Amino acid sequence: MQKSILIIGACGQIGTELTLALRDKHGKENVIASDIREGSENLMDSGPFEVLDATDYDALEEIVAYYEISEVYLMAAMLSATAEKFPMRAWNLNMNSLFNVLNLGKEKKVDKIFWPSSIAVFGPNTPKEHTLQSTIMEPSTVYGISKQSGERWCEYYYHKFGVDVRSIRYPGLISWKTMPGGGTTDYAVEIYHKALSEGTYTCFLKEDTELPMMFMDDAIRATLQLMEVDKENVKVRASYNLAAMSFTPAQIAEQIKKHIKDFKISYKPDFRQAIADSWPSSIDDSKARTDWGWQARFDLENTTKEMLENLAP
């Protein structure tokens with residue numbers, strides 16, 4: 001029987017590409033996109049769309065019943081930099097939307113749930129290098145606190161109520177298809193746009209700030225892979241560490257200069273520097289590799305090539 005899938009937050013950076021990937025795989029009529037407002041023309045033309053407030057349980061329940069939804073991907077969230085400006089709005093969105101979806105699972109109204117976590121769950125006391133799956137967390141941002149809390153609730157609903165919820169701690173994500181939405185790693189997308197349009201970029205992080213990053217194609221592939229693996233193979237019910245590459249603004253600039261020789265970068269750190277300083281510089285994702293065969297395909301060199309080729313006018 002063909003499964004019916006609902007994506008909440010389909011218009012965001014990850015949600016847009018995830019929607020298109022799922023529609024390619026399962027057929028457009030079987031993947032319902034939803035968000036608080038309509039998205040890009042490309043997304044809207046690709047299949048069914050519903051305007052939905054993720055914090056409204058009754059509206060969510062109605063859509064799940066109407067389309068006979070079996071899987072939910074909850075991608076709606078307020079990201080790290082924006083959440084620091086609106087802490088209570090971020091907490092309410094990030095947590096209430098998760099409870100709504102988890103409760104649908106508890107009531108057996110959906111079979112399977114994907115919810116993204118983030119490297120923001122780690123904090124200033126977390127070991128920086130090759131950060132382990134289980135380690136000190138102590139997040140210092142609103143976004144990180146909500147994601148760490150969410151991980152605990154996902155694990156609780158799995159053990160207490162048997163809810164099949166699966167999760168990945170995404171690193172910073174790089175995509176040429178959609179713009180980022182207020183995160184601390186946004187510079188790694190902005191820099192390519194500015195390199196092509198202006199030949200120069202002012203970075204909001206210091207030149208030696210190393211962070212875990214991933215090309216969007218890898219992130220989408222990992223998400224689909226985790227959701228398709230047998231339930232018995234999902235050993236971590238909080239959220240899996242996921243890694244591909246780590247680099248600094250200076251290193252990404254050097255890669256760009258291989259393609260755009262006159263490119264110049266300057267540095268003007270802002271409030272996002274403190275957020276970045278609280279995060280790991282590299283991630284140990286051996287649990288994901290062992291449990292469900294995860295393997296990244298993109299490094300900084302071929303990510304840069306993909307970005308510049310696809311963004312070039």
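Helix α8 (residues 216–228) lies across β4, β5 and β7. Its direction runs at about 155° to β5, with axes fitted to C-alpha atoms, for helices over the stretch in contact, and angles from 0 to 180 degrees between N-to-C directions. This is a predicted model: local features need pLDDT of at least 70, side-chain atom pairs count only at pLDDT 80 or more, and totals for chains, interfaces and linings use all residues. Residues are numbered from 1 along each chain as its sequence is written, and side-chain values use heavy atoms, without hydrogens and water.

**Sheet**
- Six strands form an open sheet, in the order β3-β2-β1-β4-β5-β7, with parallel pairing.
- Strands (E, at least two residues) and helices (H or I, at least four) are DSSP runs, numbered from the N terminus; two strands pair if DSSP finds at least two bridges between them.
- β3 (49–51) and β7 (165–166) are the edges; each has a single partner strand, so one side of each lacks a neighbour in the sheet.
- Strands β1 (residues 5–8) and β4 (residues 71–74) run parallel, joined by 4 bridges.
- Leu6 stands opposite Val72 in β4.
- Helix α5 (residues 87–106) also packs on the sheet, touching β1, β4, β5 (112–114) and β7. Contact means heavy atoms within 4.5 Å.

**Nonpolar cores**
- The largest nonpolar core has 41 residues. Such a core joins buried (under 20% relative accessible area, 1.4 Å probe, protein chains only) Ala, Val, Leu, Ile, Met, Phe, Trp, Tyr and Cys residues through side-chain atoms within 4.5 Å.
- α7 gives the most to this core, with 6 residues.
- A second, separate core of 34 residues includes Ile7 and Val229.

Definitions and conventions
Buried means under 20% relative accessible area, exposed over 50%, partly exposed in between (1.4 Å probe, protein chains only).
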